[in-house]
Amino acid sequence: MGDSMNIITLTHPDIHRPGMLEICGRSLMQNAELPKGIPWFIVCNGTSPELKDAVHKLESDYRGVLEIIPVFKAENEGHGIGVNLCNEISEDFEYTLFLEGDWMTLSSEDSGQPRNWLPLSIQLLDEQRDVDAVYLRRFICDIDSRQTGIQTHYLGAFRFGCVDQPGPGVPMNYFVADIPAYTNNPLLRRNSAFYKKGVFPLCELHDAEGNPTEFKGNLDWGRAENNASDALRDNHDSLRMAILSWGVLSHIETTPIQGSYRIKPVKDSGCGKFYF
């Protein structure tokens with residue numbers, strides 16, 4: 001199984017990113033069962049001493065558990081270019097868990113999904129060859145949901161199901177929908193489908209002098225994702241996704257965290273257990 005998939009993470013040297021990368025890596029190791037032998041590429045789109053330290057700490061702490069392979073670029077060349085580098089590294093693997101460095105893996109107690117959701121997701125893609133990806137995001141609050149918008153396509157859900165694990169345990173629950181959009185949200189993806197449907201490679205954005213422009217705060221931010229979504233719709237196509245109910249990875253910035261990477265209960269919010 002390790003030869004058929006990889007994990008790849010994209011990050012950059014913003015002041016908060018080294019700490020987020022550590023949360024990303026440690027929460028995944030703590031809250032997910034990882035098949036043995038998976039290479040984990042950590043692609044740094046630009047670097048800093050703090051970011052290098054964070055990567056090397058993860059390398060040292062998890063040596064022998066999985067193979068962490070750092071890729072340090074001298075400069076941040078923008079998001080689409082960074083994602084394309086990740087895709088080039090991953091294209092010879094059948095499956096890729098694409099996980100940017102600002103996502104936290106939820107415990108089973110918070111997600112409602114079994115801890116071995118990754119091998120079960122691989123099993124799902126092995127058995128259902130028409131499914132292009134398993135969508136893994138958990139929306140923690142209303143703003144999270146509204147800013148993304150992918151859930152507006154959930155009404156097209158056409159198949160519900162679960163993947164049982166061997167022996168006693170919670171099954172992995174999901175539904176399948178055709179999503180006429182691409183997202184850099186956490187996905188376990190069938191790489192060939194994203195090339196076949198014209199999603200990859202993403203467009204790479206530069207100004208008239210050839211300088212990359214897809215940075216947060218610039219007008220080009222998010223255009224690579226949007227252009228890939230436009231290409232799907234122009235071709236009257238979509239990505240068929242198995243969507244975990246209701247996700248196992250949340251955005252670190254919008255997740256109130258308490259000890260051991262658990263969601264912190266928020267008073268006067270629904271039943272008080274989750275942040276919505």
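A search of the whole structure turns up 9 aromatic pairs. Rings of Phe, Tyr and Trp (its six-membered ring) pair if their centres lie within 6.5 Å; planes under 30 degrees apart are stacked, over 60 edge-to-face, the rest tilted. Remember, this is a predicted model: local features need pLDDT of at least 70, side-chain atom pairs count only at pLDDT 80 or more, and totals for chains, interfaces and linings use all residues. Residues are numbered from 1 along each chain as its sequence is written, and side-chain values use heavy atoms, with hydrogens and water left out.

Now, Phe-200. Tyr-182 and Phe-200 pair edge-to-face, 5.7 Å centre to centre, with 80° between the planes. Tyr-195 and Phe-200 are also edge-to-face, at 5.5 Å and 70°.

Is Phe-200 buried or exposed? Buried, with a relative accessible area of 4%. Buried means under 20% relative accessible area, exposed over 50%, partly exposed in between (1.4 Å probe, protein chains only). Tyr-195 is partly exposed, at 29%.

Elsewhere, Tyr-154, Phe-160, Phe-175 and Trp-246 form one aromatic cluster.

Next, helix H1. Helices (H or I, at least four residues) and strands (E, at least two) are DSSP runs, numbered from the N terminus. In H1, 12 of the 15 residues are buried. Among them are Met-20, Leu-21 and Leu-28. The cover includes E1, E2, H2, strand E5 (103-105) and H5.

Last, Ile-7. Which residues does Ile-7 contact, leaving aside neighbours within four places in sequence? Leu-28, Leu-34, Ile-38, Pro-39, Trp-40, Phe-41, Leu-66 and Leu-97. Contact means heavy atoms within 4.5 Å.
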